[in-house]
Amino acid sequence: VALAAGGAHAQDYPAQPITVVVPFAAGGPTDTVARLVAQVMSEDLGQQVLVQNVGGAGGTLGAGQVAAAANDGYTLLLHHIGMSTAPSLYADLPYDAIEDFEPIGLITEVPMTIVARADFEPETLEDLIAYIQENGENITYANAGIGAASQLCGLLIMDALGVQMTEVPYQGTGPAMTDLLGGQIDMMCDQTTNTTTQIQAGEIKAYAVTSPERLDNLPDVPTTAEGGLNLEVGIWHGLYAPAGTDPAIIERLTASLQTALANETVATRFAELGTTPVTEGQATPEALADTLSSQIDLWAEVIAAAGVSAQ
Ligand code: MLT
């Protein structure tokens, strides 16, 4: 009877607006991805897909909120690589990244950029490396809290150079970018989704991209490897529902996500921001489940090797 009721419910789905929780501040890279995708999903599903920003604790606050939400398909989570790093960075995470969610699909892959305020002294990546080694804790490094992509990249920079900088946490790199533009903070490492426009406009300095190849949109920015920095990281995004959501609802949401990623306007905007939507075969629950579990294992090793213990 319960199954029949669930099936009937799934047939009507969606019968009301859907909320997608972004676990970072508005105006940042995760928010940008979510709003682009949500717009097409709204059209496709015939119901509003609303983005709700629940920033704090490096993305774990918003993720925890969705883990505890009703599994009726009306509250979803759009999160990034932080789903896989937080289990190694927090001793008491209020959710289980695998057990408490149903994966819907992977969304995008995004490289990161190491950037600084426009008048920061170092000119090249080589200069920056020497400057960090010399000035360490006198440098302020913005991140979006423990579990954020910007925090992971900072951790990798500091581990590669064997130096601590002073980390300044924000609710997301949207507000951090405002302070970088205003010169209140020295540097950060953030997704191209949030930095390409400002780099192209010359409003901030860019030292490196964390991808193996230079990016078409930022041809003058060298790769970390070119500058002798042993650091390569790509950020991925996924869409999740709370555990136990009806499989028919998940199927409908996966199809809608695939429609959004195939949309030309979305693809064009992603390309402008150096962001690549995944292929249709990757925008699936199976691909997201595989990525999540292998990334949890990978980052557990890297984070342990960097000598960082869970707090
Ligand atoms: C954001 O959307 O603010 C970012 O993804 C934060 C981060 O993870 O660095």
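This is a predicted model: local features need pLDDT of at least 70, side-chain atom pairs count only at pLDDT 80 or more; totals for chains, interfaces and linings use all residues.
## Overall dimensions and composition

The protein's secondary structure comes to 11 helices and 10 strands. For 311 residues, a compact globule would have a radius of gyration near 19 Å, and the value of 19 Å found for the protein agrees with that expectation. Along the principal axes, the C-alpha trace spans about 70 × 40 × 30 Å.

Of the 311 residues in the protein, 56% are buried, while the accessible surface comes to about 12,600 Å², with 48% of that area belonging to carbon and sulfur atoms. When contacts between residues at least 6 apart in sequence are considered, 79% of them join residues at least 24 apart.

## Helix H2 against helix H10

Two packed helices are described by the angle between their axes and the distance between the axes. For helix H2 (residues 29–45) and helix H10 (residues 264–272), the axes come within 10 Å and cross at roughly 170°; H2 is therefore roughly antiparallel to H10, since the angle is over 145 degrees.

Which residues of H2 and H10 meet? From H2 the contact involves Val33, Leu36, Val37 and Val40, and from H10 it involves Val266, Arg269 and Phe270. By class, the residues of the contact of H2 with H10 divide into 6 nonpolar, no polar and 1 charged. An α-helix has 3.6 residues a turn, so residues three or four places apart point the same way.

## Buried positions in helices H3 and H4

Helix H3 (residues 60–67) has Thr60, Gly62, Ala63, Gly64 and Val66 buried. These buried residues of H3 pack against several elements, namely strand E1 (18–22), strand E3 (75–79), helix H4 (82–89), strand E4 (101–117) and strand E9 (234–242).

Helix H4 also contains Ser88, which has a relative accessible area of 17% and is therefore classed as buried. Apart from its neighbours within four places in sequence, Ser88 is in contact with Trp299, Ala300, Ile303 and Ala310.

## Thr245, a buried loop residue

Is Thr245 buried or exposed? Thr245 is buried, with a relative accessible area of 4%, although the residue is found in a loop, the one between E9 and helix H9 (247–262). Not counting residues up to four places away in sequence, Thr245 touches Asn71, Gly73, Glu102 and Ile250.

Thr178 lies in helix H7 (residues 173–181) and is exposed, with a relative accessible area of 51%. The C-alpha atoms of Thr178 and Ala248 are separated by 42 Å, the two residues being 70 apart along the chain.

Gly182 lies in the loop between H7 and strand E7 (187–191), where its relative accessibility of 52% makes it count as exposed. Between the C-alpha atoms of Gly182 and Ala69, which are 113 residues apart along the chain, the separation is 38 Å.

## Backbone geometry worth checking

Most residues other than glycine have a negative phi, and most peptide bonds are trans. A cis peptide bond joins Tyr13 and Pro14, with omega of about -5°, and Pro14 is placed in the loop between helix H1 (2–12) and E1.

What is the phi of Ala57? The angle is near 50°, a positive value in a residue other than glycine. Ala57 is found in the loop between strand E2 (49–53) and H3, and at 39% relative accessibility Ala57 counts as partly exposed.

Terms used:
Residues are numbered from 1 along each chain as its sequence is written. Side-chain values use heavy atoms; hydrogens and water are left out. Axes are lines fitted to C-alpha atoms, for helices over the stretch in contact, and angles run from 0 to 180 degrees between N-to-C directions. Helices (H or I, at least four residues) and strands (E, at least two) are DSSP runs, numbered from the N terminus. Angles under 35 degrees count as roughly parallel, over 145 as roughly antiparallel, 65 to 115 as roughly perpendicular and the rest as oblique. Contact means heavy atoms within 4.5 Å. Ala, Val, Leu, Ile, Met, Phe, Trp, Tyr, Cys and Pro count as nonpolar, Asp, Glu, Lys and Arg as charged, and the others, Gly among them, as polar. The radius of gyration is taken over C-alpha atoms; the globule rule is 2.2 Å times the number of residues to the power 0.38. Buried means under 20% relative accessible area, exposed over 50%, partly exposed in between (1.4 Å probe, protein chains only). Accessible areas come from the Shrake-Rupley method with a 1.4 Å probe; for residues, only the protein chains shown count as cover.
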